[in-house]
Amino acid sequence: GPARFRVGLVGRGIQASRTPGMHEREGARLGLSYEYRLIDFDALGLADDDLADAVMLIEAAGFAGINVTHPFKQAIIAELDALAPEAAGIGAVNTVVFSEQGRVGHNTDCWGFAESFREGLPGAPIGTVIQFGAGGGGAAVAHALLLSGVGRLLLCDPDRERTEALAQRLAQRFGPVVAAVSDVRLALRQADGIVNATPMGMAKYPGMAVPPEALEARHWVADIVYFPEETALLAHARSLGCRVVPGTGMAIYQAVKAFELFTGQAPDRASMHEHFRAA
Ligand code: NAD
């Protein structure tokens with residue numbers, strides 16, 4: 001019979017996730033026996049402290065690996081044997097592979113953003129970039145930007161402690177190229193491009209983190225919010241003539257890389273885009 005894979009997503013409030021659909025449709029398209037389960041701590045009535053037991057049971061059940069999402073991207077690290085370099089640098093894991101070397105943690109959000117950015121904004125100037133939001137997603141995005149060759153990264157987040165912690169972590173790996181922003185308007189004048197890694201733009205968080213009147217046509221704008229795909233920020237930027245890239249690419253490409261880590265087979269990107277729209 002075909003190669004069999006069982007994988008899953010561990011998190012809370014994940015019932016509407018499009019990730020299972022993307023994986024299962026691509027598994028089926030490739031002729032694999034591929035099952036993607038939701039392990040939703042909310043639906044299962046589990047406590048955060050149950051994570052260690054859950055991982056043990058999942059591994060014992062023969063899963064090839066798991067995706068990990070909110071609120072476990074950091075807590076999962078204590079349950080792992082090894083981290084891929086980008087996951088260690090970011091300090092967060094969204095993909096775990098159960099292998100002969102043990103439980104290995106990866107961060108495919110980082111690759112997902114880098115790939116979406118490379119594809120969506122080819123040739124964009126990357127001397128100075130301003131990033132709004134220094135949370136979990138923001139850490140992966142900041143790493144991706146610096147790995148992509150961004151010269152100077154300006155971080156803007158009202159949570160100063162979080163921002164400084166991320167800037168220090170990045171400085172350890174990339175040198176003194178990251179700064180926390182105090183004057184947002186000045187930073188926007190210096191920036192070639194703008195990244196939104198805050199939840200602003202989702203239905204629950206209407207509006208935008210970027211002061212709209214400070215946007216200029218020469219700015220490119222990348223959003224990592226993907227529901228809705230066209231955020232208020234992207235719509236405004238587009239109306240000014242800015243080059244933009246929505247968050248859907250990152251959401252799809254994190255799954256592309258995770259699928260490859262789970263199965264050893266590279267999914268077809270165009271098909272993954274279709275699965276995302278259908279899921
Ligand atoms: P988080 O809560 O860990 O971090 C969000 C950060 O944004 C916080 O530090 C908060 O202080 C900051 N923030 C809020 N409002 C701000 C503002 N006006 N200006 C500057 N900073 C502000 O959340 P997260 O997990 O990083 O997710 C953020 C968003 O990114 C969510 O909408 C999530 O859905 C999205 N996301 C998308 C992908 C993808 O694959 N496209 C991946 C990860 C996260």
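Predicted model: local features only at pLDDT ≥ 70, side-chain atom pairs only at ≥ 80, totals over all residues.

Where does Leu38 sit? In strand β2, residues 33-40. Which residues does Leu38 touch, if we skip those up to four places away in sequence? The answer is Gly8, Leu9, Ile14, Gln15 and Pro20. Take Val10 as well. Val10 and Leu38 are 28 residues apart along the chain. Their C-alpha atoms are separated by 6.6 Å.

Now the strand next to it. β2 pairs with strand β1, residues 4-11. The sense is parallel, and there are eight bridges. To put one of them on screen: Arg6 has Glu35 in β2 as its bridge partner. Between the two strands the chain runs through helix α1, residues 19-29. That gives a β-α-β crossover, and the crossover is right-handed.

Zoom out to the sheet. Six strands, open, mixed pairing. The order reads β2-β1-β3-β5-β6-β4. Which strands are at the edges? β2 and β4, the latter at 82-83; each pairs on one side only. So much for the β2 edge; go to the other one. β4 pairs with strand β6, residues 102-106. Again the sense is parallel, here over two bridges. Ala82 stands opposite Val104 in β6.

One stop on the way to β4. The loop between β3, residues 65-68, and β4 holds Pro71. The peptide bond from His70 to Pro71 is cis, with omega near 5°.

A word on the record. UniProt, in an unreviewed entry, annotates residues 9-96 as "domain: Shikimate dehydrogenase substrate binding N-terminal". In the model, that span is 31% helix and 22% strand. Its end C-alpha atoms lie 10 Å apart. The unreviewed entry also carries "domain: SDH C-terminal", covering residues 247-274. Here the span is 79% helix and 0% strand. The end C-alpha atoms of residues 247-274 lie 15 Å apart.

How is the chain divided? Domain 1 takes 4-106 + 251-278, and domain 2 takes 110-246. Between their centres, taken over C-alpha atoms, there are 26 Å. The contact takes 10 residues from domain 1 and 12 residues from domain 2. On the domain 1 side, the elements giving two or more residues are α3, at 85-90, and α9. α9 gives the most to that side, with four residues.

Now the inside. The largest nonpolar core has 79 residues. Which residues have the most contacts inside it? Phe113, Ile130, Val141, Leu145 and Leu153. Helix α9, residues 248-263, gives the most to this core, with 10 residues. Domain 1 and domain 2 each supply at least three residues to the core.

Pick Leu153 from that list. Leaving aside neighbours within four places in sequence, Leu153 is in contact with Val129, Gln131, Ala142, Leu145, Leu146, Val177 and Val178.

Compare that with Val195, in strand β10, residues 193-196. Buried or exposed? Val195 is buried, because 29 other C-beta atoms lie within 10 Å, and the class needs 20 or more. Val195 touches Val129, Gln131, Phe132, Val141, Leu145 and Ala222, again not counting residues up to four places away in sequence. Val129, Gln131 and Leu145 are among the contacts of Leu153 and among those of Val195. Val195 and Leu147 are 48 residues apart in sequence and 15 Å apart in space, C-alpha to C-alpha.

Where is Pro228? In the loop between β11, residues 220-223, and α8, residues 232-240. The peptide bond from Phe227 to Pro228 is cis, with omega near 5°.

Val195 lies in β10. That's my tour; over to you.

Methods:
Residues numbered from 1 in each chain as written. Core = buried A, V, L, I, M, F, W, Y, C linked by C-beta atoms within 7 Å. Buried ≥ 20, exposed ≤ 12 C-beta atoms within 10 Å, placed from the backbone. Domains from an automatic or database assignment. Contact = placed C-beta atoms within 7 Å. UniProt positions renumbered as here; feature names shortened; annotations may be inferred. Pairing = 2+ DSSP bridges. Right-handed = clockwise from strand over helix to strand, strands pointing away.
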